[in-house]
Amino acid sequence: MKTSNSKSQLLGIVSLFVLFIISNGRTLNNQKIRAVNLGGWLVTEGWMKPSLFDSIPNKDFLDGAALQFKSKTIGKYLAAELGGGTIIVANRSSASGWETFRLWRINETSFHMRVFNKQFLGLDSTGINLVAVSNDYQTSGVFQIIRKSHDQNRVRIKAPNGFYLQAKTEDLVTADSKGDGSWGDDDPSVFELTIAQRLQGEYQVTSGYGPLKAPQIMKNHWSTFIVENDFKFIATSGLNAVRIPVGWWTASDPTPPKPYVGGSLQYLDRAFLWAKKYNLKVILDLHAAPGSQNGFEHSSSRDGFIEWGQTEETIQETVRVIEFFTSRYVNSPSLYAVELINEPNANGVSLSVLTKYYEAGYKVVRKHAPNAFVILSNRLSGDSKELFPVASGMTNVVIDVHYYNLFSSIFDDMTVEQNIDFVQTNRSNELQAITTSNGPLTFVGEWVAEWQVRGATKEEFQRFSKAQLDVYGRASFGWAYWSLKNVNNHWSMDWMIKNGYINL
């Protein structure tokens, strides 16, 4: 029989143990994260809500639109010789990277154009010959693209000197046409336009509407896309957390760099208040870093190039952004984890640069939030274990992996059973390989019950989602569905739950 003193001592030891567990971000029942992403809210993704772009004037020509021009007289594409740094020619039978020109929108009719090696189009010292030699858009030319009224794929390109481009020969493209011909195939100033790619991210929507209209457009979006009732729904649906993608510009609110507009920070503040009210944890996810870490619209790339990590300034600016968010929300009981960056691309971000950033970002989070989890996103196309060395010196650290049965040709012809088997076998093995007893925790930060199977039944979707829930539930930190709302129903957890396609 224990004395009251020994009971007190035992109680004290247990209390210290509980405090130790809580201070390390865990609870006694080891509850895992079951989250949903609030994608498309504070970081725009046009495919999730296309109507956001509907009223933009000349919306085919937004920043990052990848254009290809085929001479009607020569029958070949304009191309930046050697990818850039020299003349523009008209001698390519097919179009790929060197034959693609990416827009930087100045207004709805005027543009800079960037080539494969990142130089901008301009005119040479004669003021006539078309070249791509300048790395500074401010010293390059401003071009206009004029479409034929009844055939939008026929265009003329007005050069900085006021004349129009024309393909005189395969090796000579000049700006000395009056552009007053009949738009016929015999007019060397006429080109056939192909839009090879469009970007519809935060940069495009704010630049497209411009400084007068964009503030109200974005305010309307922020105030209606995610509301308090959504947090209530999340909390009553068997979920315990939200992963909130944010952009670097929000840290400069209310006066972010152009073309971004102020106001998003107050909605992030509201999200933390709603999370507290409904007892939800928040994973703050830096989805878009300055310069874009992956070249996609969801990182607010201006033109599809990866500029993040190419200079020390982009890294230091990102560290400052992480410090801003962490210090702002550290006293919120809902702040559970900070994800330092989302989906850096191995094709443009080296492991050494990312490691340097992760070490700096981790330190600045720890400066303000000693016990919050710090999440490190794996690189797209990177090795699944490449972050283990940098994570080994960190505490409360999590590796984030994203699993989609999409975006690869291997899934194109898979049947229902093959998709489910892929999750239960391949994904299970991948997750098991990075989930270790003494390593970082693992987090399936994005997944979706969508696939390439056409005409699948509701029951088949239920089986597919259940297979993923079962496998991703073994991740030691938890999982997050992408995302809560989307015009494409199977990407919307709100729709999937309400219509019985996902059972939590």
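**Questions and answers on the predicted model**

Reader: Fine. What pLDDT do side-chain atom pairs need before they count?

Author: On bookkeeping, residues are numbered from 1 along each chain as its sequence is written, and side-chain values use heavy atoms, with hydrogens and water left out.

Reader: On to the fold. In what order do the strands of the closed barrel run?

Author: The closed barrel has 8 strands with parallel pairing (two strands pair if DSSP finds at least two bridges between them). From one strand to the next, the twist averages 25°. The order is 1-14-15-16-17-18-19-20.

Reader: Zoom in on one pair there. Which residue of strand 14 stands opposite V36?

Author: Strand 1 (residues 33-37) and strand 14 (residues 241-247) pair in the parallel sense over 3 bridges. The residue opposite V36 is V242.

Reader: What angle does helix 4 make with strand 15?

Author: Helix 4 (residues 264-277) packs on the sheet and touches strand 14, strand 15 (281-288) and strand 16 (335-339). Axes are lines fitted to C-alpha atoms, for helices over the stretch in contact, and angles between N-to-C directions run from 0 to 180 degrees. Between helix 4 and strand 15 the angle is about 155°.

Reader: Now a charged side chain. The backbone oxygen of which residue lies 2.9 Å from a polar atom of the R102 side chain?

Author: R102 is in strand 5, residues 101-105, and at 18% relative accessibility it counts as buried. Leaving out residues up to four places away in sequence, R102 touches several others, including A65, H112 and F305. The backbone oxygen at 2.9 Å comes from D303.

Reader: Which side chain does S140 meet in a polar contact of 3.5 Å?

Author: S140 lies in the loop between strand 8 (130-134) and strand 9 (143-148), and it is buried at 14% relative accessible area. Besides neighbours within four places in sequence, its contacts include F120, L121 and S134. A polar contact is a pair of N or O atoms within 3.5 Å; within protein, one must be able to donate a hydrogen and the other to accept it, and residues adjacent in sequence count only if both atoms are side-chain atoms. The partner side chain at 3.5 Å is that of H112.

Reader: And in the hairpin of strand 7 and strand 8, which turn residue has a positive phi?

Author: Strands 7 and 8 run antiparallel, joined by 4 bridges, with G122 facing V131 as its bridge partner. The hairpin leaves 6 residues between the strands, and the phi of about 75° belongs to G127.

Reader: Rings next. Is the pair of W104 and F120 stacked or edge-to-face?

Author: Rings of Phe, Tyr and Trp (its six-membered ring) pair if their centres lie within 6.5 Å; planes under 30 degrees apart are stacked, over 60 edge-to-face, and the rest tilted. Both W104 and F120 are buried. With centres 4.9 Å apart and planes at 80°, this pair is therefore edge-to-face.

Reader: Last one: what is the angle between the planes of W451 and F464?

Author: W451 is in the loop between strand 19 (441-447) and helix 9 (458-472), and F464 is in helix 9, so the pair ties together parts 13 residues apart in sequence. Both residues are buried. The pair is stacked, with 4.3 Å centre to centre and an angle between the planes of 20°.

Conventions. This is a predicted model: local features need pLDDT of at least 70, side-chain atom pairs count only at pLDDT 80 or more; totals for chains, interfaces and linings use all residues. Helices (H or I, at least four residues) and strands (E, at least two) are DSSP runs, numbered from the N terminus. Buried means under 20% relative accessible area, exposed over 50%, partly exposed in between (1.4 Å probe, protein chains only). Contact means heavy atoms within 4.5 Å.
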